[in-house]
Amino acid sequence: MTDDVFKRLQDYVGREYRVGLYDCAHLAADVQKDLFAKDIALPGHHPMGTAGQRKVINAMRDELAMRIDVPFPGCAAILTEGDHIHIGTVALRHGEPWILHCSHKLGSAHLHRLSDLERSGMTLNGYFAWR
């Protein structure tokens, strides 16, 4: 299952980031629906900017997911970069966490090793299992 999730997440790589239309949260919700048959209820609109995103994610986090210590394929990872909060979907490859995420900075969805994201300035805030 671990390698299968990693391979299936690669199908999402390259999905275009579209300001206000498709961001990291939309990608995470799509993956949950398509691969894990979970409907994640995201707000239809959230305030733009990092403060607005952080407020919505923090308000909904505990309702939608619970913090876990050990990641598993398909769980969520919440990361920060400065004031920006970011969500991705976890895959494990040879025991190492990889994160599928989509950002304005990258312009599209990418699958990165968590260690590479941390070296680029992102900080892992935790892993979460969807409810």
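This is a predicted model: local features need pLDDT of at least 70, side-chain atom pairs count only at pLDDT 80 or more; totals for chains, interfaces and linings use all residues.
Which residues is Gln 32 in contact with, leaving aside its neighbours within four places in sequence? The contacts of Gln 32 are Ala 37, Lys 38, Ile 40, Gly 74, Thr 89 and Trp 130. Gln 32 itself belongs to helix H2, which covers residues 24-36. Its relative accessibility is 1%, and because buried means under 20%, Gln 32 counts as buried.

Let me turn to the sheet. Six strands make up an open sheet, in the order E1-E6-E2-E3-E4-E5, and their pairing is antiparallel. The edges are taken by strand E1, residues 65-68, and by E5; each has a single partner strand, so one side of each has no neighbour in the sheet. On average, and with direction ignored, neighbouring strands of this sheet are turned by 40° against each other.

Helix H2, the helix of Gln 32, packs on this sheet. There H2 touches strand E3 (84-93), E4, E5 and E6, and the direction of H2 makes about 35° with that of E3.

Some individual pairings deserve attention. E1 is joined by four bridges to strand E6, residues 123-130, and the two run antiparallel. Within E6, Phe 128 stands opposite Arg 67, and Trp 130 stands opposite Ala 65. Gly 126 in E6 is the bridge partner of Ile 78.

I come now to the interior. In soluble globular proteins, nonpolar side chains tend to be buried together. In this model the largest nonpolar core has 15 residues, and those that touch the most other members are Leu 9, Tyr 12, Leu 27, Val 31, Ala 91, Leu 100 and Cys 102. At least two residues of this core come from each of helix H1 (2-9), H2, strand E4 (96-102) and strand E5 (109-113). Apart from it lies another core, of 13 residues, which includes Ile 40, Met 60, Ala 65 and Ile 78.

Not counting residues up to four places away in sequence, Leu 100 touches Leu 9, Tyr 12, Val 13, Leu 27, Val 31, Gly 88, Thr 89, Ala 109, His 110 and Leu 111.

How many disulfides does a search of the whole structure find? The search finds zero. For Cys 24, the nearest cysteine sulfur is that of Cys 102, at 7.5 Å, and Cys 24 is in no disulfide. Cys 24 counts as buried, with 6% relative accessibility, and Cys 75 counts as buried at 0%.

Finally, consider a loop residue. Where is Gly 107 found? Gly 107 is in the loop between E4 and E5. Its relative accessible area is 33%, so Gly 107 is partly exposed. Not counting residues up to four places away in sequence, Gly 107 touches Arg 15, Glu 16 and Tyr 17. Gly 107 and Glu 16 are 91 residues apart along the chain, while 6.1 Å separates their C-alpha atoms.

Definitions and conventions:
Residues are numbered from 1 along each chain as its sequence is written. Side-chain values use heavy atoms; hydrogens and water are left out. Buried means under 20% relative accessible area, exposed over 50%, partly exposed in between (1.4 Å probe, protein chains only). Contact means heavy atoms within 4.5 Å. A nonpolar core is a set of buried Ala, Val, Leu, Ile, Met, Phe, Trp, Tyr and Cys residues joined through side-chain atoms within 4.5 Å. A disulfide is a pair of cysteine sulfur atoms within 2.5 Å. Two strands pair if DSSP finds at least two bridges between them. Axes are lines fitted to C-alpha atoms, for helices over the stretch in contact, and angles run from 0 to 180 degrees between N-to-C directions.
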